[in-house]
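Hi,

Here is the structure I said I would pass on to you.

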Amino acid sequence: MNNYLEQLNAVQRATLIWLALMTVTILAALMSIFFKSGVVLLLASVVILIFKGQMIIDHFMELRHVAMHWRRLMSAYCIVIGGFVIVAYLMGIS
Amino acid sequence: MLSFLIDKNPDAKPLPGDAAIWVFILAELGVFSLFFIAFAFAKMLNPEIFAEGYQSLNRVAGLINTLALITSSYFVVRAVLAIKNNQSQLCARWLNWALLAGMVYVFVKMWEYSETIGAGYTAHTNVFYMFYFLLTFFHFAHVIFGMVILVAVSRKAKRGEYSIDNYSGVETGASYWHMVDLLWIILFPLVYVIH
């Protein structure tokens, strides 16, 4: 996907990312209505969280071409928080 | 100790904006991470209180605010692209659009608070509402601070004080605003979606 995005000009890329973020946000909201609760909703929400976070980090914050350590640090933030949310949820139902 | 922050890749671009804002962003993310983790584990320990609290939330307001902040962040990206093309006035206009989207967030959040408080729920009601008000109000304060920064950057852009050779200030403000957006991207599923 990154290769495809790199071929677009900066405005096209930003607009596409914005539309993707809006779409998955609405998807997450719809999931919270249709799924009563449970592991599927939890995992899907965390995957969407990590996806949206990565899009913002790479394309809005423009960290995709800076020192990899910064990008990894920021990406790890979303993954670690998502991980804690999953662990807390699973500990709660076990 | 901070050597892991120094890249060995000679082709790597520098961080956008002033380096100091990135230290500030990391500190802010660190503080918020404690709140996020505390919320998740408090929910684990008090599932019934959190389930009941979740049902009383205005989830439409949560959705509108997420869309407003994402859109605002997009407008800020357009402002940065404009100044990179030496279009200072266009940069100011995009920043004003970003501020307008920020105002949508502010009004919707105040509507949400007035509904919640009007229904008799406050930070003292129970542990859910304590975390709800703590997390969302702390984030709300960051949005207000971010809007103050955007106003200052927009006014400077309007006066033509930024150009293709000097736009670090625009990138610094943009980086802070994207951090505010990133934090809400985490807060939204945590508070308004997962139940």
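Below is what I found, going from the two chains to how they touch and then to a few details.

One thing to keep in mind from the start: this is a predicted model.

**Chain A**

Let's begin with chain A, which has 94 residues, 33% of them buried. What is its secondary structure made of? It comes to four helices and zero strands, so if you follow the sequence of chain A you read the pattern α-α-α-α. Along the principal axes, the C-alpha trace of this chain spans about 45 × 30 × 15 Å. If you take the contacts in chain A between residues at least 6 apart in sequence, 54% of them join residues at least 24 apart.

One helix here is worth a look on your screen: α3(A), which covers residues 39–60. How far does this helix reach from its first C-alpha to its last? The 22 residues of α3(A) reach 30 Å, close to the 32 Å expected at 1.5 Å a residue. After α3(A) comes A:E62, and its phi is positive, near 60 degrees.

**Chain B**

Now for chain B. There are 195 residues in this chain, and 42% of them are buried. Chain B has six helices and, again, zero strands, and from the N terminus on the elements run α-α-α-α-α-α. The C-alpha atoms of chain B fill a box of roughly 55 × 40 × 20 Å along the principal axes. For contacts in chain B between residues at least 6 apart in sequence, 81% join residues at least 24 apart.

**Where the chains meet**

How many residues does each chain bring to the contact? Chain B brings 39 residues and chain A brings 37. On the chain B side, α1 (19–45), α3 (59–84) and α6 (168–193) each supply at least two residues. Which helix gives the most to that side of chain B? That would be α3(B), with ten residues. Sorted by class, the side of chain B that touches chain A has 26 nonpolar, seven polar and six charged residues.

**A helix pair in chain B**

My next stop was α5(B), residues 127–158, together with α6(B). The axes of these two helices come within 9 Å and cross at roughly 160 degrees. Angles over 145 degrees count as roughly antiparallel, and that is why α5(B) and α6(B) are described as roughly antiparallel to each other. As for handedness, α5(B) passes α6(B) in a left-handed crossing.

If you want to find the contact yourself, look in α5(B) for residues including B:Y132, B:H139, B:I149 and B:V153, and in α6(B) for residues including B:G173, B:W177, B:W184 and B:L187. By class, the contact of α5(B) with α6(B) has 15 nonpolar, five polar and one charged residues.

**One residue up close**

Is B:T136 buried or exposed? A residue needs 20 or more C-beta neighbours within 10 Å to be called buried; B:T136 has 21 inside that distance, so it counts as buried.

Happy browsing!

Key: Residues numbered from 1 in each chain as written. Chains lettered and ligands numbered in written order. Predicted model: local features only at pLDDT ≥ 70, side-chain atom pairs only at ≥ 80, totals over all residues. Contact = placed C-beta atoms within 7 Å. Nonpolar A, V, L, I, M, F, W, Y, C, P; charged D, E, K, R; others polar. Buried ≥ 20, exposed ≤ 12 C-beta atoms within 10 Å, placed from the backbone. Axes fitted to C-alpha atoms, helices over the stretch in contact; angles between N-to-C directions. Parallel < 35°, antiparallel > 145°, perpendicular 65-115°, else oblique. Left-handed = near helix turned anticlockwise from the far one by under 90°. Expected span 1.5 Å × (residues − 1).
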